[in-house]
Amino acid sequence: VKCPLREVRELAQKFLEKHGIVYQLGEVSEVSFILPRSLVNPLNAQSKDSLEEDALLLKQVYKELFLSFARVPNLFRVLGVLPNYLEKQYFRVSEVLLGDGPLSAELRFCVAFIGSAADKCVYLMQLFQEQVRMFGHSNMPEKLRHLATASLKLAHRPWEFDQKDVEVLLSHWQISELFHALVVLSVSHCLASVCLGLGVSCEYDLFDTNYSLTIGASNLFELLAEEKLPYLDYDISKHPRPVRPSDFNWKDSGFYLLEKVLPRIAESLRETIGFSYNSTFESFGEEGVNTAPLHRAVWMYTQRVLGLEYDDYDYREVNEQLSRNTKNYLKTVVCYPKKVTKELLDSIDMDLDFLDIVQMVLLVTESK
């Protein structure tokens, strides 16, 4: 069902029919409980509304996804509404989780499981656990324990993540491993917000909530459930700025630091983030309208609620560009993605269609 290759689907159906099993190969569940099915491209990547080059791109990416994950996950089906963004996101995910790096593949997926658990994204937790099982392992090393608190801080209170946290982690991890693990966590946090913010549905075979990954004699899911660090509103009067963007930022500092340790992963992050901000979001509202102030406001608002403020940005623009209900939806996607509902999305009182919503959510998560 989740194979984009027609020949494989047909052979599978013949095999089932040979053994007396009647089964129609087609969609068996909704891809998203928020987005209309008509917006999501079919697995054969042929749609009357698709440009030919988009269909070819989707076909290629879907094929690579199937070869990597033995399925085309619903997450990437949703991202497929923007084929060029899907291509960039798959490049990043494949480099971070499957490409060259100091962490073993099964350890990366276990770190991704921890990152997904920060916002209780059951869909990704099940998907990443399945990938760990495919490597034949279920018991993970002790050093993963120390990532749980780091993951929660980075997801919910990044302004509290400081030198002491890094020192604790470095007492258990090599520096190149830690770089890689923190990138996996950050990408997982981003994907969790996409999944929950756009209502990505679990595939029919990923509903098993029996989490079997362990560390020593302890169940990893139970360990993560014990870690509690909910999001708090960032108050600059109570929390000193952890970093000033004028002194250290991703574009001028973070990228070059990561490039020294993990060059291909650094490039994949730069491409996806840059593409999201500069290229993807050009269709908000009416055609021909300058949308730069709008997606700048979305970008700055997202980082503001996570404790990052820019001295050279006039934050009055946020209120000018974003309605109160829209800000409420965006903040929920960033800080409490588990609470996103169809009703919350419907409360947005701006002139946005579903494709605009997808674009806005992707901009929010890349900013995050």
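Arg 71, Glu 130 and Glu 203 are joined in a network of salt bridges in this predicted model. Across the whole structure, a search identifies 17 salt bridges. Three further pairs are described below with their positions in the chain and the accessibility of their residues.

Lys 153 and Asp 165 form a salt bridge through their side chains, with an N to O distance of 3.1 Å. Because Lys 153 belongs to helix α7 (residues 147–156) and Asp 165 to helix α8 (residues 163–170), this pair ties together parts that are 12 residues apart in sequence. Lys 153 has a relative accessibility of 15% and therefore counts as buried; Asp 165, with a relative accessible area of 15%, is buried.

Arg 296 is partly exposed, at a relative accessible area of 27%, whereas Glu 317 is buried, at 13%.

The side chains of Lys 331 and Asp 233 meet in a salt bridge with an N to O distance of 2.6 Å. Distant parts of the chain, 98 residues apart, are linked by this pair: Lys 331 lies in helix α15 (residues 324–335), and Asp 233 in the loop between α10 (220–226) and α11 (250–261). The relative accessible area of Asp 233 is 48%, and this residue is accordingly classed as partly exposed.

Terms used. Residues are numbered from 1 along each chain as its sequence is written. This is a predicted model: local features need pLDDT of at least 70, side-chain atom pairs count only at pLDDT 80 or more; totals for chains, interfaces and linings use all residues. Side-chain values use heavy atoms; hydrogens and water are left out. A salt bridge is a side-chain nitrogen of Lys or Arg within 4 Å of a carboxyl oxygen of Asp or Glu. Helices (H or I, at least four residues) and strands (E, at least two) are DSSP runs, numbered from the N terminus. Buried means under 20% relative accessible area, exposed over 50%, partly exposed in between (1.4 Å probe, protein chains only).
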